[in-house]
Every structure is written in C-alpha cells, then in structure tokens.
Amino acid sequence: KISSKIKISIDNPLACPRYMARLVKNVTVEDSPEWLRSKLDSIGQKSINNVVDASNYILHDYGQPMHAFDYDKIIGKEINVRLARNKETITTLDNIKRRLGKGHLLICDKQKPIAIAGIMGGNNSEVDRNSHNILIECAYFDPIVIRKGSKKLDLSTEASKRYERDIDIKNMGTALDHLAFLIADLGNGRVVSEVIDHFPGKKKE
C-alpha cells in the first residue's frame, strides 16, 4: 500500500487544502509512442519522455496540473507542504537557481525543497531515464498564493496558469487515476494499491 511508502504532511492547509498521491513502480522511462508525441505536437508541446508526456497529456485533457517525482530521490520518503523560509533556494527543472521568499509554497522532502508548489519542480527530484519508481502529485493550491509566487519569480508555467485561475478540487481523483494508469501502461509499470488523499482543509463552493 502507498501509505507504507510515503508520508504526507501539510503545514498550511489554507494554501494547500488537498494533496493526493499515487505511486507507480518498476516503470521504464523511454520515448513516448507515436500517438502521444503526435497529440502533444499538435498543441505545440515538446515530447520529453513517456512519464512527463503523460503528465502533460492529462494536464491538457483535464485541466489538472500534476507533477511526477522520482520516488527514489525523495529523502526520508516524506513530503511536506510548507511556506518557504526567507532566502531559501531551489534549482528548478530549467537548471536555474531561484531565491525564494516567505510567500512561496514549497514541496519538500525530509531535508530540502524538491518543487515550488504549483509552478515548477526541482532538478533534484527530476524523472530521467534512470528513474524506475514514480510518485505522482495531484494537489489543489490556493490561486492567490500561486499567482503571487509566480509573479515574484517572473516564472509562468502551464501549471501555474491553471492554478492561478482555479481548478476543480472534486475532479482531482479522476485525473490522478487516469495519469497513474497511463504511466503504468506506457512504462510497463505497476500502480501501488490505494491512494493518499490528505484533505485537512475544507474549501467553500
């Protein structure tokens, strides 16, 4: 069960009312099949690998941003959602070292930040050709927190554009299940049983 593989904690439930996760094991990360590359190319998206491409495909299909972490790079097998400390830094997937402020929301493992929530992942948890176990994050982040964080960094992404405009908190599970299935199917992996659904806060309609 996934509950024995990863621990999730949310320090600020107003900024992150809901955080879901699934784990797909024994995945082969390789080039995407032609049908997936063609779909992404038709909307101007560059193909990277089957895991990242699957995430982008579901993003555009459901409007739900999700992030894939290399599970084996997560120290302590813990995920903590918290606000950044002043002058904290992270090197993002575009290999730029970014200096953060107190308004930025972070996804951290036991030792360090591994993603700027709702904006961009860190290169220290990136899925590459040597990755085999994939932790999928599916979260709801407060639109104002993401917009302010994106503006401060002058960093706008496909994910941040959607979080800034609000997403459907009730449809997260459907999108997550679809992505887990797609990654397992494309990478000949296996979805670990059950799903983590950390929902400490309540969001008004």
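1. Let me start with Lys-203, which touches Tyr-140, Asp-166 and Ile-169 once residues up to four places away in sequence are set aside; contact here means heavy atoms within 4.5 Å. Please keep in mind that this is a predicted model, in which local features need pLDDT of at least 70, side-chain atom pairs count only at pLDDT 80 or more, and totals for chains, interfaces and linings use all residues. Residues are numbered from 1 along each chain as its sequence is written, and side-chain values use heavy atoms, with hydrogens and water left out.

2. Where does Lys-203 sit? Its place is in the segment after strand 12 (196–198); helices (H or I, at least four residues) and strands (E, at least two) are DSSP runs, numbered from the N terminus. Lys-203 counts as partly exposed at 33% relative accessibility. The cut-offs are under 20% relative accessible area for buried, over 50% for exposed, and partly exposed in between (1.4 Å probe, protein chains only).

3. Now to the helices. Helix 1 (residues 34–42) packs against helix 2 (residues 50–62) at an angle of about 50°, the axes being 10 Å apart. Axes are lines fitted to C-alpha atoms, for helices over the stretch in contact, and angles run from 0 to 180 degrees between N-to-C directions. The angle makes helix 1 oblique to helix 2; under 35 degrees counts as roughly parallel, over 145 as roughly antiparallel, 65 to 115 as roughly perpendicular and the rest as oblique.

4. The crossing of helix 1 and helix 2 is left-handed, a term for the near helix being turned anticlockwise from the far one by less than a right angle, with right-handed used if clockwise. Helix 1 contributes Trp-35, Leu-36, Arg-37, Lys-39 and Leu-40 to the contact, and helix 2 contributes Asn-50, Asp-53, Ala-54, Asn-56 and Tyr-57.

5. Trp-35 and Tyr-57 are edge-to-face, 5.6 Å centre to centre with 85° between the planes. Rings of Phe, Tyr and Trp (its six-membered ring) pair if their centres lie within 6.5 Å; planes under 30 degrees apart count as stacked, over 60 as edge-to-face and the rest as tilted. Trp-35 belongs to helix 1 and Tyr-57 to helix 2, so the pair ties together parts 22 residues apart in sequence. Trp-35 is partly exposed at 40% relative accessible area, and Tyr-57 is partly exposed at 23%.

6. Helix 2 also meets helix 5 (residues 172–187): their axes come within 9 Å and cross at roughly 150°. That makes helix 2 roughly antiparallel to helix 5, and the crossing is right-handed.

7. Beyond its neighbours within four places in sequence, Ala-54 is in contact with Leu-36, Leu-179, Leu-182, Ile-183 and Leu-186.

8. Asp-154 lies in the loop between helix 3 (143–153) and helix 4 (158–164) and is exposed at 71%. Asn-188 is in the loop between helix 5 and strand 11 (190–191), exposed at 61%.
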